Amino acid sequence: MRMLAKLIRDEWVKVLAFTILMSAVSLVQVLFWPNIKKLVPLVLDQMPDFFRGMVGGIATEGFVFYIITQQLIKNGVIFGSGLAILLGASAISRETEAGTMELLLSRPISRARVLVEKFVFNAAILSLPVIISTMIAWPAAALVDEAIDPIALLVAAIYCYLVVLVILAFTFMVGVVFDEQMKVLSTSLALCIVMMLLVIFEETMYFSIYGYIYPDVLRPIFVAGRVPYQLALTMAMISAGFVGLSYLLFRKKTI
Amino acid sequence: MLYSVPGVVMGNVEELIVDVKGLTKRYPGQRKPAVDGLSLRIRRGEIYGFVGPNGAGKTTTVKMLLNLAWPDSGGGTLFGLDIVRESVAIRRRIGFMSGEVRLYNSMRGDKQLRFLLSLHGGGEEERVRSLIEMFDIPLHRKVKSYSSGQKQILAMIAALSHNSDLLILDEPTKGLDPSKKKLFLEQVEKWPNHGGAVLISSHVLSEIEHICTRVGFIREGLMIADEEIEAVRSRLGSVIVATFTDSVEERDLMLAGVLRVRRRGAEFIIETEAGDNSRAVLRAVTELPVESLRYRSATLDDIYEGIYLNEDAGQTDQG
């Protein structure tokens, strides 16, 4: 618990800033819905093919599709990934770089415990901004005379969080390999940029983690109330795999 | 290997707190191992001085004892527990202070101390209080505002705050002012009284010699000497520092009873063997064309210097 208290003390500013920022953007997006609704049919024809599918979906399926595309892609791809990278990079490498990892591991505490606690606590605090900022769309929808199923929104938010968790776990593992935070940040950021590029093209889309928070995957959650158990489990297992690899790398690391 | 059998850690085996053999560690990209086949035994009640110049392998050895670095080969036990497989149980019984004290800068001193003690299951309150009083540390301030000496003191209080069976202190006096250094060494000296042992590493033997019961000398990863401090002291002779008006060679001074002659500028440093040789050597030196002459008892630092000089000479010869 002391470790959690310390983590909260270290990261609360980052997490609070992201929660406020992401929630504010979510709110603004919801409030913009009446304008978007009017604007979409006018601009649809001028859209490049890649965006036409998404914008066309907004035109035909309305508010719920708009929330899916704007909220979850934004929370997952842009802000969620950013926060996951920041948290993952500071989890291990900041302590190694600052020399405080030696301080921790010279006490009666196992490497496995340090690693698991750090990952679990970081994963827990990552969930707050991703889920809160998504759920804000539910009460905010009333402001624009729309409605959205809160359970479906929560399921989608949790699923989106599991995707972002993979990025946290990957960055966490990179943090075990490199001692310098900047190296960890740039490696994970580079990977995220590559994945963002992959998602643009239909052929490579599902090679990217972001391909799994695309409307085609998220729509069934809202439309048919279908929980994507299989995909969610896959994401959780990929994260667990990265944490397992982190342990193997960390076990013999000279501190 | 009786001590590695679970449950058989009582009796005389328990007396052996540290028992490691052939520890070797090579860092990637380094030609020579940082520690090369090092063996070390420390018994209950001992204060073991682990001495060597910077980069000799002291810190790497300490890291291997604490499982902060995995040995490439070799291994052993602390309190009869395997240093790799049972490191958490080992660290529960160890108070450790690193030479490069790194603390959480954003924490206040008191919170930092509480955090470190909590990882050890809490310290002994009365002892913590008395150490805080003794070392007069501003606990209400953030650690980032501390001087390096104050950080050292905070880490030291954390290390001394629980009844550990082994204190491992890696260059602990670096950065401490003389009065705090004295206070600290007094605390360390008392440590074996409650049945523990101490491993204290330093590159300045004179700082720790008066509290050590045994001393090991390490150089380039190799343990080159490991002796009872009294045995080392019993070999102490005298040192004559002389300059001469006429030309005198080092070989002219290699008289009977002389252990070693070194030259430092115009001065000759003549170390004599222990016993009654000193007076005879002094008499013989005064028969030479002396310009100035100083005479003193040898210290452990002279022995220490001698050990490393001999090694250097040996290496030069080989090289």
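## Two domains in chain B

The centres of domain 1 and domain 2 of chain B, taken over C-alpha atoms, are separated by 40 Å. Domain 1 of chain B covers 2-229 and domain 2 covers 237-298; such bounds come from an automatic or database domain assignment.

This is a predicted model: local features need pLDDT of at least 70, side-chain atom pairs count only at pLDDT 80 or more, and totals for chains, interfaces and linings use all residues. Residues are numbered from 1 along each chain as its sequence is written, while chains are lettered from A and ligands numbered from 1 in the order in which they are written.

Helices (H or I, at least four residues) and strands (E, at least two) are DSSP runs, numbered from the N terminus.

## The sheet of chain B

Chain B has an open, mixed sheet of six strands, ordered S6-S7-S8-S3-S9-S10. Two strands pair if DSSP finds at least two bridges between them. Strands S6 (94-97) and S10 (222-228) of chain B stand at the edges; each has a single partner strand, so one side of each is left without a neighbour in the sheet.

Strand S9 (residues 214-219) of chain B pairs with S10(B) in the antiparallel sense, over six bridges. B:Val215 has B:Glu227 in S10(B) as its bridge partner.

## Nonpolar cores

The largest nonpolar core has 76 residues, of which B:Ile157, B:Ile168 and B:Val198 touch the most other members. Helix H6 (residues 148-160) of chain B gives this core its largest share, eight residues. A second, separate core of 69 residues includes A:Leu153, A:Tyr159, A:Val184 and A:Tyr212.

A core here is a set of buried Ala, Val, Leu, Ile, Met, Phe, Trp, Tyr and Cys residues joined through C-beta atoms within 7 Å. Buried means that 20 or more other C-beta atoms lie within 10 Å of the residue's own; exposed means 12 or fewer, partly exposed in between, with C-beta atoms placed from the backbone.

## Where the chains meet

The contact takes 17 residues from chain A and 19 residues from chain B. Contact means C-beta atoms, placed from the backbone, within 7 Å. On the side of chain A that touches chain B, helix H1 (2-31) and helix H6 (100-105) of chain A each supply at least two residues. H6(A) gives the most to that side, with four residues.

Notes:
Two residues are in contact if their C-beta atoms, placed from the backbone, lie within 7 Å.
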